[in-house]
Amino acid sequence: MRSALALLALPASLGLATGAHAFTPSGSDIVYEVGDETFEGYYAAASGEASGTVLIVHDWNGLDDYERQRADMLAEQGYDAFAVDLFGQGNRPETLDARQEATRALYSDRERMRELTLAGLAEAREQGAAESVVIMGYCFGGAVALEIARSGEADNVAGYTSFHGGVATPDGQEWPEEVPPLLIAHGGADTSVTMEDVSGLVEELEAIEATYEIQIYSGAPHGFTVFGDERYQQRADEKSWAAFLNLLEEVL
């Protein structure tokens with residue numbers, strides 16, 4: 001029932017994001033430390049008793065109102081939601097070059113990528129988020145979610161989701177024998193993440209007999225869930241969001 005209600009509510013949320021009304025976050029920005037570095041995430045507590053936690057990993061432009069709004073949407077559905085910051089407080093790259101530099105730094109240092117993501121998860125739990133978690137992300141964040149899934153380093157993770165994220169396994173990495181359920185939401189018209197990458201992931205997951213679902217949405221380009229963007233496709237966004245809520249309902 002939760003999924004059906006979320007679908008009905010989505011157009012209203014879209015209106016908030018695209019300028020019909022200004023988006024007003026209902027959660028809180030959370031400043032936290034990782035070593036001697038400062039980061040700023042966002043926490044939205046569930047309405048009522050939480051069914052679990054969703055850790056949200058941002059796209060290559062850093063944590064902004066897009067992730068905050070998704071966190072608020074999840075809180076309304078009964079989940080604690082924490083949007084992690086992997087770039088550092090105040091680092092929200094605006095240019096193409098700056099975004100490429102920020103993501104390249106983490107793609108080339110996978111240990112740091114995992115460390116910062118797990119630190120965000122620890123902070124979410126420090127804020128009182130429910131212990132059982134699903135880790136999800138958008139674009140760059142989707143690749144990060146799968147990085148954590150392959151590593152097996154996170155505790156009490158019930159599932160992983162990537163929305164139009166990178167799915168190729170880096171050289172030298174492989175999937176563990178056991179991994180929680182995965183959901184991959186991919187655009188059929190995505191020219192950034194190829195179908196060859198997707199089919200490669202299928203082969204890898206079949207080899208370990210993983211539980212996974214890959215949904216491909218016709219005509220949907222890379223970034224099809226981003227409210228207000230020219231690439232936004234409402235049909236694919238609504239269907240992928242419903243599939244995600246179904247996963248949450250099944251595993252949390």
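Colleague: Leaving aside its neighbours within four places in sequence, which residues is Trp-175 in contact with?
Modeller: First, a word on the model: it's predicted, so local features need pLDDT of at least 70 and side-chain atom pairs count only at pLDDT 80 or more, while totals for chains, interfaces and linings use all residues. Residues are numbered from 1 along each chain as its sequence is written, and side-chain values use heavy atoms, with hydrogens and water left out. Contact here means heavy atoms within 4.5 Å. Skipping those neighbours, Trp-175 is in contact with Leu-146, Ala-149, Arg-150, Thr-169, Leu-182, Leu-201, Glu-204, Leu-205 and Ile-208.

Colleague: In what order do the strands of the open sheet run?
Modeller: Two strands pair if DSSP finds at least two bridges between them. There are eight strands with mixed pairing, and the edge strands, E1 (28-34) and E8, each pair on one side only. The order is E1-E2-E4-E3-E5-E6-E7-E8.

Colleague: Which residue in E8 is the bridge partner of Leu-183?
Modeller: E7 and E8 pair in the parallel sense, over six bridges. In E8, the partner of Leu-183 is Glu-213.

Colleague: Is His-164 buried or exposed?
Modeller: Buried means under 20% relative accessible area, exposed over 50%, partly exposed in between (1.4 Å probe, protein chains only). His-164 sits in the loop between strand E6 (157-163) and strand E7 (182-187). Its relative accessibility is 0%, so His-164 counts as buried.

Colleague: Which side chain does the His-164 side chain make a polar contact with?
Modeller: A polar contact is a pair of N or O atoms within 3.5 Å; within protein, one must be able to donate a hydrogen and the other to accept it, and residues adjacent in sequence count only if both atoms are side-chain atoms. His-164 is also in contact with residues including Tyr-138, Asp-190 and Gly-223, and Gly-223 is 59 residues away in sequence but 6.0 Å away in space, C-alpha to C-alpha. The polar contact, at 2.8 Å, is with Thr-225.

Colleague: Which backbone oxygen does the side chain of Gln-233 reach?
Modeller: Gln-233 is in the loop between strand E8 (212-217) and helix H7 (234-251). With a relative accessible area of 16%, it counts as buried. Its side chain has a polar contact of 3.1 Å with the side chain of Arg-235. At 3.2 Å, it also reaches the backbone oxygen of Gly-219.

Colleague: What's the relative accessible area of Gly-90?
Modeller: Gly-90 is in the loop between strand E4 (80-84) and helix H3 (96-107). C-alpha to C-alpha, Gly-90 is 26 Å from Leu-146, and the two are 56 residues apart in sequence. Gly-90 is exposed, because its relative accessible area is 69%.

Conventions
Helix = DSSP H or I, 4+ residues; strand = E, 2+ residues; numbered from the N terminus.
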